[in-house]
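Dear colleague,

Please find the structure below, handed over for your review. My notes on its cores and strands follow.

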Amino acid sequence: MIKLKPRVSPGCLIRVKYAIRSELKIKPGENVTFTFTCSTPEKYFVMEIQKNIDCVSGLCPFGDVHLYPTGLPRLDRTFVWDVKASTKAGLELKFSAPWLRQIEPGETCPDSVRYNINSCIDTATVNIGTFCRNGSVSRIKLLGGVILSLHLSWDSPLTSSGFSIANRASIKRLCIIESVLNGESSVTLMSPNYPLAFPEDELMTWQFVVPSNLRATVFFHNYSLSNCERKEERVEYYIPGSLSNPEVFKLSDSQPANIAGSFNLSLQGCDQDAQNPGVLRLLFQVVVQHPQVNENVTHVVDLSKERNVTVTIHFEGWPSRLPLTSEPMCLICKDPRTCDRVLTLESGTTYKISFLCKDLSRLRITAEKGISCVDLRWCQRKIYSLVVPKAVTQLPIRLHKFIWKILAPDLINVEITSPSLKLQQHVPEQRCNTSYSYGIVSATPETELNVGVFCPGGSIEKIQMRNNITVSLKTFGKGFLNESDHQDLKMSFVPHIKDECIFTVSPDPKAKVYLQTPNWPYGLPPYVSISWYVVVPSKQVARLGFSRDRMGISCETGRAYVNIKEEAPGAEETVRREDELLPQPRDMYHDFWVNVSNCKPVEGTQLTLQFWVTFADKSIDLGVILAVVAGTGVLVAIVLTVCCVKKK
């Protein structure tokens, strides 16, 4: 059969003798001479060649299946073999090297050679799958007949079908697919009819041929279950040497790992609810690799004394990035046969884990701890150490992030302190260059305030915040292992504060300190107030300056203010609105406050402010010294005069 491609205008036709037509059907035994009315018929036409084979009433033609007839025009073509067979005998299709690779519906083959295999049982047809060349599927055994289609592009050089019909044998299941995995590799396979439903109450098997010196691990990437009335959907493993064959698992279970050598995997359906059958489907991957040198090394992770802690060991980039199937596999194992790419450990338990991974630097740890306060009378007496537990730092895996989620109810606030190291705010002019940093976020159900990124070795002694707080320790490079012993971040619950956030800053007298408003560079949320309390040593004078001369916003509702006030009797408060110039650099002789309060800004403007503080020794004015000396001389003269009068 030669016919026009779908959705192609008839710019070319078929000429048979003196007749012009758009379609040509040639029956068995016919000899037809035809030509095309254009020089590029491959742009317009496709060809389908169908061969019917009867293995029920006649002899079955075992052996290689050939591409007949030869000498066909160069068109996109599909060869279809419709093989009839009894369900008591079945059929076996054997594929020649380089074997086949199953693909998902809609996926294409690089060389445009595509096989589609359907099983025919009585009047029912089941799509076993679509395959490309260059894979691991070496043979498929089918219950009943088969319709096999081979799709070739017009310029394909392929001259053989690539498969043969082998001996018939009853298999008592829908199909058996054999996959040969000789070296380190992986294969992705799907249940028949995927992504549609696997037939009701059917059974099928995948046979994996793996050398005994290699290890196989099974991952279920996508599956769904039907609604069963009787029986239960499951997968069964037959593993040579296992004492519990078959090993039965639910599809929701972690599947076996570290399997030595060959094994079988079977999928069993159930009797479905006629009104709401649901869909049983499965897409899975089998990864084969050599035994790892560190698979017998056990690491003890003792979380028995921890509370509200989860530790997740995962591949780099998780969860936003999925590893490519071509990437080397790294597995984390709770026991020799329970392994996965991601493993989560819970507090209150001691684990013994091992790794199936050539390069442990590709793994990361993300951990989380919850801290909450219900009664301030009890919480206020306690100081919590925000320190990564030893159980995490002793593992040979790099810590990516440790997150403390601190829940504070209404009228209870959170105070973060760094008594010895103090904190440095990460700003463009003063970047953190440590092996780790802390990201601090204050949040309510309605708003979120990114307080900033901080690292050890600065001037911020404490930060007081309202609402719930998230502190995220993030590491950079391998240096954290050396610095982890010096963590000194503390947390406590404190009474209510009026500002959204208060920083207490005690700078090094020799340093220039930069500080900036939270939520940088997106601006403070509307109506939020932030304060800094800066400590000035008694023998020092501080100099305060802003990095620009205006706030840079316009207010839609309310006013934005900057307030500066020294902690001294009679000290005047300096106040600037958003429409005024900010103060010029000024000297501060006592501890002082800087407060920034936001309005509701006009759309397109935001309040972001940065200021700096430096220190110098206090200088004593010469006039003051002379006045003191003169005053002292007068006092001495008065005393002497009084003494003389008394003697007289």
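Buried here means under 20% relative accessible area, exposed over 50%, and partly exposed in between (1.4 Å probe, protein chains only). Helices (H or I, at least four residues) and strands (E, at least two) are DSSP runs, numbered from the N terminus. This is a predicted model, in which local features need pLDDT of at least 70 and side-chain atom pairs count only at pLDDT 80 or more, while totals for chains, interfaces and linings use all residues. Residues are numbered from 1 along each chain as its sequence is written, and side-chain values use heavy atoms, with hydrogens and water left out.

Strand E50 (residues 592-597) is largely enclosed by the rest of the structure, because five of its six residues are buried. Two strands count as paired if DSSP finds at least two bridges between them. E50 pairs in the antiparallel sense over six bridges with strand E44 (residues 529-534), where Trp 593 of E50 is the bridge partner of Tyr 533. Strand E47 (residues 561-566) also pairs with E50 in the antiparallel sense over six bridges; there, Asn 595 of E50 is the bridge partner of Asn 563.

A nonpolar core is a set of buried Ala, Val, Leu, Ile, Met, Phe, Trp, Tyr and Cys residues joined through side-chain atoms within 4.5 Å. The largest such core has 82 residues, of which Ile 353, Ile 463, Val 471, Phe 493 and Phe 503 touch the most other members. A second, separate core has 73 residues, including Ile 128 and Leu 280.

With kind regards
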